[in-house]
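Please keep the structure open while I talk.

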Amino acid sequence: MNVLLSLGFVLTWSSGFIGAKLGAGEASAVTTLMWRFLPLALVLGAVAATAGRHWWRGLTRRDAGRQVVIGLLSQSGYLLTVYYAIQLGVSSGTTALIDGVQPLVAGALAGPLLRQYVTARQWLGLCLGVAGVLIVTTADAAAVTGVAGWAYLFPFLGMLSLVAATFVESRSPTRVEPMAALTVHCATSAVVFTGLALAVGEGTPPAAPSFWLAIAWLVALSTFGGYGLYWIVLRRRGLTQVNTLMFLMAPVTAVWGALMFGEPFGVRTAAGLALGLTAVVVVQRGEKHRHARVEHDSAPEREHAHS
């Protein structure tokens, strides 16, 4: 089950970069994001008020407020920077690659903030993943011309926003029903993006069928698939595990981009994908080794307790 969840997460999360590029061909970032979240928030709100009333049992105002903050960081802040970068011409592959630095940042902060310390073997895996990201980044960036250097700052800011959201969620004392959390996050994003789009006069959607195809793609694959699975995998497997899977986003997105937009996919991209896969295997084995060591160390204590 964990393997299927991880595979589904990688495929659907990486699809979001492709959906953003599909939407960017027809409308601005804020227009696409407004129409991605406004109808979705209305539907989820209607379901939450009727068939989904049980989602809210035990949810306090403080819990709801925390979910609003998580939604602002993990959806509004993260997606706006990613979409705007793609609108400025940064390729979908490069945007995903900059996201690939996230595991190293999260791994460095997990110990002091969450007391989830990363083992030496896991650090090796993280470093292998970063090497894969750098290889694919240089290959992708070399093939893209005419993009201002400062445009690459936006996906980096988005990555930091998602890391912050992950830590806020991980430190939460309450486990919120996933559909309740998704409803709050989408409602928050709908308010933010609708307000932004109307403020800049970009609230009217284009009539092109391709725009609505992009919206359907983003809602089905990216929101319910990638975004939903991100939090599920985080809860089931932990911060280091879910962030290690992020190393695979860049090369997988590069495959998506090559197949759908003819973006370059060469030897260096394939090498980066191989390193990313190696990083995931190393980190996962490191996690199993750590659990086995913990079990071994705690066995004498349990025997002493029973004696």
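Predicted model: local features only at pLDDT ≥ 70, side-chain atom pairs only at ≥ 80, totals over all residues.

Helix 1, residues 2-24, packs against helix 3 at an angle of about 55°, with the two axes 9 Å apart, where axes are lines fitted to C-alpha atoms, for helices over the stretch in contact, and angles run from 0 to 180 degrees between N-to-C directions. That angle makes helix 1 oblique to helix 3, given that angles under 35 degrees count as roughly parallel, over 145 as roughly antiparallel, 65 to 115 as roughly perpendicular and the rest as oblique. The crossing of helix 1 and helix 3 is right-handed, a term used if the near helix is turned clockwise from the far one by less than a right angle, with left-handed for anticlockwise. On the helix 1 side, Trp13, Phe17, Ala20, Lys21 and Ala24 meet Tyr78, Val82, Tyr83 and Ile86 of helix 3, contact meaning heavy atoms within 4.5 Å. These residues divide into eight nonpolar, no polar and one charged, where Ala, Val, Leu, Ile, Met, Phe, Trp, Tyr, Cys and Pro count as nonpolar, Asp, Glu, Lys and Arg as charged, and the others, Gly among them, as polar.

Residues are numbered from 1 along each chain as its sequence is written, and side-chain values use heavy atoms, with hydrogens and water left out.

How do the axes of helix 2 and helix 3 cross? Helix 3, residues 61-87, and helix 2 have axes that come within 9 Å and cross at roughly 140°, which makes helix 2 oblique to helix 3, and this crossing is right-handed. Ala29, Val30, Thr32, Leu33, Arg36 and Phe37 of helix 2 meet Gln75, Leu79, Leu80, Tyr83, Tyr84 and Gln87 of helix 3, and the residues of this contact divide into eight nonpolar, three polar and one charged.

Beyond residues up to four places away in sequence, Arg36 touches Leu79, Tyr83, Ile215, Leu218, Val219, Ser222 and Thr223.

Thr31, also placed in helix 2, is buried with a relative accessible area of 3%, and its side chain makes a polar contact of 2.9 Å with that of Ser28; such a contact is a pair of N or O atoms within 3.5 Å, where within protein one must be able to donate a hydrogen and the other to accept it, and residues adjacent in sequence count only if both atoms are side-chain atoms.

In helix 3 we find Thr81, which is buried at 13% relative accessibility, and a polar atom of its side chain lies 2.7 Å from the backbone oxygen of Tyr78.

As for the whole, the protein has 12 helices and zero strands, helices being DSSP runs of H or I of at least four residues and strands runs of E of at least two, numbered from the N terminus.

Terms used
Buried < 20%, exposed > 50% of the residue type's maximum accessible area, 1.4 Å probe, protein only.
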